[in-house]
Amino acid sequence: MITFNQLTVGYQGRAVTPALDGTLLTGSMTALVGANGSGKSTLLKTLAGLLRPVSGALILPRSSVNIAWLPQQSEIDRTFPLSLFDMVAMGCWKKSGWFGGIDKAMRRSVMSALDKVDMLDFASARPGTLSGGQLQRVLFARLLVQEASLLLLDEPFAGVDSQTTQLLLTLLKERHDVGCTLVVVLHDMATVENYFPQRLRLQAHRAEWSVSDSVLSRQHSLRSLGA
Ligand SMILES: Nc1ncnc2c1ncn2[C@@H]1O[C@H](COP(=O)(O)OP(=O)(O)OP(=O)(O)O)[C@@H](O)[C@H]1O
């Protein structure tokens, strides 16, 4: 469980969100929504440990130290000088160490992740030669090999076609099904409504937690059917 206790996030001691109180349960799948500039990316970076809270507390359990963060595409360096295989293999660094080589098992896991996102044929290509949607699939592959328990994704479907969005949503659902906690910044409310049971909306002066009616009622119908 991750607890927000009068948490505000921002830059240089200046908060960009209202004070947040609440919890992200272990295994929950939460959409983080709100207008441009409401502080969604800033909150995600704070959860990832890249920024310190401005005030209040963010309480993370020991087990969620293993965090995977997918930044917005605009923050990705497309001039990365190595292959896509190497880019995905960077997700294994916690197991291999920064200067350790990757072993056979890691190599298999990188290839399997590239296969899952349908990018195996591009393993030796350079990031700069990919379209935005292709690069996003590769970044998902890197997220998968990290085997993190807390996944933080910032607008993962921006500029991604509907078929790829479906594929990536299925992969996220798989992580959710094995007990990972997910927090995903989204603007598309149809995706939020259909896939995300929990929702946190940031607004200028308050934050609002809610649960999605359609996901809950679908889960209820599946349970009634014995699925
Ligand atoms: N590095 C920074 N230094 C200072 N202020 C920043 C920095 N990055 C963002 N901000 C400001 O913090 C506020 C929140 O930005 P943030 O990127 O978290 O919003 P967001 O909700 O993710 O927006 P969007 O939907 O447009 O991605 C904005 O007013 C922005 O100008």
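Two strands pair if DSSP finds at least two bridges between them. With that settled, here are the close-ups, all taken from a predicted model.

**Figure 1. The whole chain, as a starting point.** This predicted protein has 227 residues, and 32% of them count as buried. Its secondary structure comes to 8 helices and 11 strands. Take the contacts with a separation of 6 or more: 69% of these are between residues 24 or more positions apart.

**Figure 2. Zooming in on strands 1 and 6.** Strand 1 covers residues 2–8 and runs antiparallel to strand 6, with 4 bridges joining the two. For one of the residue pairs, look at threonine 3: its bridge partner in strand 6 is isoleucine 59.

**Figure 3. The shell around the ligand.** Tyr11 and Val16 are part of the surroundings of the ligand, along with Gly34 and the run Asn36, Gly37, Ser38, Gly39, Lys40, Ser41 and Thr42. Sorted by class, the shell has 7 polar, 2 nonpolar and 1 charged residues. Helix 1 (residues 40–47) supplies the largest share, with 3 residues.

**Figure 4. Inside the largest nonpolar core.** There are 54 residues in this core, and the ones touching the most other members are Leu32, Val88, Val138, Ala141 and Leu151. Helix 5 (residues 132–145) gives the largest share of the core, 8 residues. Now pick out valine 88: leaving aside residues up to four places away in sequence, valine 88 touches Val110, Ala113, Leu114, Val138, Ala141, Arg142 and Val145.

**Figure 5. Lysine 173 on helix 6.** Helix 6 spans residues 162–177, and lysine 173 is found in it. Is lysine 173 buried or exposed? Lysine 173 has 12 C-beta neighbours inside 10 Å, so it counts as exposed, given that the cut-off for exposed is 12 or fewer. Follow the chain 14 residues along and you get to histidine 187, whose C-alpha atom is separated from that of lysine 173 by 18 Å.

Notes. Residues are numbered from 1 along each chain as its sequence is written. This is a predicted model: local features need pLDDT of at least 70, side-chain atom pairs count only at pLDDT 80 or more; totals for chains, interfaces and linings use all residues. A residue is buried if 20 or more other C-beta atoms lie within 10 Å of its own, exposed if 12 or fewer, and partly exposed in between; C-beta atoms are placed from the backbone. Two residues are in contact if their C-beta atoms, placed from the backbone, lie within 7 Å. A residue is near a molecule or strand if its C-beta atom, placed from the backbone, lies within 6 Å of it. Ala, Val, Leu, Ile, Met, Phe, Trp, Tyr, Cys and Pro count as nonpolar, Asp, Glu, Lys and Arg as charged, and the others, Gly among them, as polar. A nonpolar core is a set of buried Ala, Val, Leu, Ile, Met, Phe, Trp, Tyr and Cys residues joined through C-beta atoms within 7 Å.
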